[in-house]
There are 2 protein chains.
Amino acid sequence: MKQFSYPLFKLGIVGGGQLGKMMTQKAKKMGFHVTILDPTPESPAGQVADRQIIGNFHDENKLEELAQNCDVVTYDLENVNTKVLKRLFDKGYKIFPSPYTLEIIQDKYIQKKTLSKNGIPVPEYKEVISCDDLKAFGFPVVQKTRKGGYDGRGVFVLKSEKDIENRLGGETFIEKMVDIEKEISVLVARNIKGEIKTYPVVEMVFDERANICDTVVAPARIEEKFLKAAREIAIETVRVLDGIGVFAMEMFLTKEGKILVNEVAPRPHNSGHHTIETCLTCQFEQHIRAITDLPLGSTKQIVPAVMINLLGEAGYKGKPVIEGLEEILSIPGISFHFYCKKETKPFRKMGHVTVVDKNIEKAIEKADIVKRTVKIKGEEKI
Amino acid sequence: MKQFSYPLFKLGIVGGGQLGKMMTQKAKKMGFHVTILDPTPESPAGQVADRQIIGNFHDENKLEELAQNCDVVTYDLENVNTKVLKRLFDKGYKIFPSPYTLEIIQDKYIQKKTLSKNGIPVPEYKEVISCDDLKAFGFPVVQKTRKGGYDGRGVFVLKSEKDIENRLGGETFIEKMVDIEKEISVLVARNIKGEIKTYPVVEMVFDERANICDTVVAPARIEEKFLKAAREIAIETVRVLDGIGVFAMEMFLTKEGKILVNEVAPRPHNSGHHTIETCLTCQFEQHIRAITDLPLGSTKQIVPAVMINLLGEAGYKGKPVIEGLEEILSIPGISFHFYCKKETKPFRKMGHVTVVDKNIEKAIEKADIVKRTVKIKGEEKI
């Protein structure tokens, strides 16, 4: 029988945002030692970890310092220096998901190519080399930057040919506009041994002002056959990418009844925050289990939920000021998460609220009240 | 509408053990700043808090430093210097539960007198001044130290008159031996406004070797009328004590069908650990809400559970070594908590496991497997 000395594992996380914070809290629950690498002192994750190394995600020395001090390294964001991580990985440091997997995902065009080449259904896409390429699928068409976009940044819809003058610069590709019935997401976990578990499919609803996922309904209210297909595609996708850890597969359910993979995140994801309150094993604990090759836990959801992101209100910056908190805390089934970021800005993810209710329609109603009531403002108007 | 600036509250916790740790994790989830006072560097709570002040629970300067730096102070153990806390409380520092309440609870004889005087049912009891007092209820009889006992320490059963020579020293009292059907516990939360909520009644099962609560079954499998009576007594008890925060009321259900309060803990409690996984608001978040006068959350339990304490194995000390972890993590519905104490010793509370299952008998079976499988040993044999 295998023995574990305390601490069970020394975990290093590149990135100290909310995902790193929630990962850290679960790792500390299980008896890990956690070190964060983040340039901002007292980052959200750094506040709850054993230690924070202050440094940039691209700083070779800091990344090596982190790897040297940890049994296993992971990250809470995609924008990490894969060149350095690959060198460390090749030296034998345990870094999961593998930087080779991360590299594929970082370039959304390569990501798409890898998936489609391996039979994963994706929207039609095409690399943009000249302006003519923008016209290949007609209009409207979606243009995306290959690297570095997130939370709606790096995506542009060209409605007609005259939008070409406003096109995104840099390396981009286009995707055929899909007639979307629903945007859905499936979390998949895969550990080093290859054990795989999927979470129930969820619906994602977007804030149109900032194109940020705003509301998640779990489980998704779609036909059983689509739930099954989405989970199967998610499993196939994580295999194609040789993913270790929790991966979020964002997908489109089209009006024609097709499921297409839109984007892959190689880490716990906003669409899985509800799992903290609703699933037997939450996505953060599952990620940690997967990358340390512990057995995966059950992903069973025991109660429906709606998750709402708390975004910084437009017009404010500086120290966060929360309105409406007392009003919502008395609603049964509310869980309020605040990420402890010291500065708000418009549409920044500042926290989230999970509303659980055995009746999902009631959860949606309560979530609407929360959305109308809680505001994250800032001490400075802009 | 009330506004909260980040951090929502600066919370100070006297005591950095597992209760402080779990409280801290929930406070950090909600956007608090947390400072721990504990003599052991990198205490379990200190590891996950913003800051730890290294100092003794009885050190006046350190307690004052904590109070000065926090909006509200609480504690995770009873053995705190109430003389100092009362002085700070009288100066206007917010300390909850009030040190005056804590003082009553610290002396189990005064606690019992206060409860019985106010109509709360308790076992018959009597102060021990001379040896003759030990004989007042005949034998067997339970002798208890008035102050400082915990986890079975400070309790002695005199089976017959000849045990008198082995009696406990110091200030003690005796309690009539009760014919116990079940030991149960009820958590109650009361905030500053006086809002009160109770949690479902649970059963407590004790490890006979060390007289430490070993297993908790939630909810208790007892008749509805007893559940109702226990919750009513718990509410009355928290009112009598003017308690603010979460209080655990340990009770006896006697074979005659009476409910008697055995002991009160003025804080979150081992019998409520399962609430992290099973209730809409767990005891740790509830405690924080209560002492900061936020609205209390729903205490509804959404899935049955069994909680098992992981005690240090007899015969070991030093750095903890965990056996059987991989074996249990694959059981569906397991949540493994390790407190990050750097040294184990016999019967020390090192962690716990919560097993949830919609069928409580199945949860009990799984808990038995966990109990047989996981062992917390140490690097040194004693």
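User: What makes K317(B) count as partly exposed?

Analyst: K317(B) has a relative accessibility of 37%. Buried means under 20% relative accessible area, exposed means over 50%, and partly exposed is what falls in between, using a 1.4 Å probe and protein chains only. The value of 37% falls in between, so K317(B) is partly exposed. Before we go on: this is a predicted model, where local features need pLDDT of at least 70 and side-chain atom pairs count only at pLDDT 80 or more, while totals for chains, interfaces and linings use all residues. Residues are numbered from 1 along each chain as its sequence is written, chains are lettered from A and ligands numbered from 1 in the order in which they are written, and side-chain values use heavy atoms, with hydrogens and water left out.

User: Why is the pair of E380(B) and K317(B) called a salt bridge?

Analyst: The term asks for a side-chain nitrogen of Lys or Arg within 4 Å of a carboxyl oxygen of Asp or Glu. In E380(B) and K317(B) the closest N and O atoms are 3.7 Å apart, so the pair qualifies. E380(B) sits in strand β20 (residues 375-381) of chain B and K317(B) in strand β17 (residues 316-323) of chain B, so the bridge ties together parts that are 63 residues apart in sequence. (Helices, H or I with at least four residues, and strands, E with at least two, are DSSP runs numbered from the N terminus.) E380(B), with a relative accessible area of 38%, is partly exposed.

User: How do you know that R146(A) and E127(A) form a salt bridge, and is each buried or partly exposed?

Analyst: Their side chains meet at 3.0 Å, N to O, which is within the cut-off for a salt bridge. R146(A) lies in the loop between β7 (141-145) and β8 (155-158) of chain A and E127(A) in strand β6 (residues 125-128) of chain A, so the pair joins parts 19 residues apart in sequence. The two partners get separate labels: R146(A), at 9% relative accessibility, counts as buried, while E127(A), at 26%, counts as partly exposed.

User: What links E263(A) to K108(A)?

Analyst: A salt bridge of 3.5 Å, N to O, between their side chains. E263(A) is in strand β15 (residues 259-265) of chain A and K108(A) in helix α5 (residues 108-117) of chain A, 155 residues apart. Both E263(A) and K108(A) are buried. K108(A), K112(A), K144(A), E175(A) and E263(A) are linked in a network of salt bridges. Over all chains, the structure holds 64 salt bridges.

User: Why does D76(B) have no salt bridge?

Analyst: D76(B) is buried, and the nearest side chain of opposite charge, R267(B), is 7.0 Å away. Lys and Arg count as positive and Asp and Glu as negative, with His and the chain ends left out. A distance of 7.0 Å is not within 4 Å, so no bridge is assigned. D76(B) is in the loop between β5 (72-75) and α3 (82-91) of chain B. A polar atom of the D76(B) side chain lies 2.8 Å from the backbone nitrogen of G20(B).

User: What makes I360(B) buried, and what does I360(B) touch?

Analyst: At 14% relative accessibility I360(B) counts as buried, since that is under 20%. I360(B) belongs to helix α10 (residues 360-373) of chain B. Contact means heavy atoms within 4.5 Å; not counting residues up to four places away in sequence, I360(B) touches V217(B), A218(B), P219(B), R221(B) and P304(B).

User: What makes a group of residues a nonpolar core?

Analyst: Such a core is a set of buried Ala, Val, Leu, Ile, Met, Phe, Trp, Tyr and Cys residues joined through side-chain atoms within 4.5 Å. The largest one has 48 residues, of which I322(A), F336(A), V370(A), L11(B) and F32(B) touch the most other members. Helix α10 (residues 360-373) of chain A gives the largest share, five residues. Apart from this core lies another, of 47 residues, with L19(A), M22(A), F96(A) and I334(B) among them.

User: Why is helix α8 of chain B described as mostly covered?

Analyst: Nine of the nine residues in α8 (residues 283-291) of chain B are buried. Just after this helix, D293(B) takes a positive phi of about 60°.

Technical notes. Polar contact = N/O pair within 3.5 Å; in protein donor to acceptor, adjacent residues only side chain to side chain.
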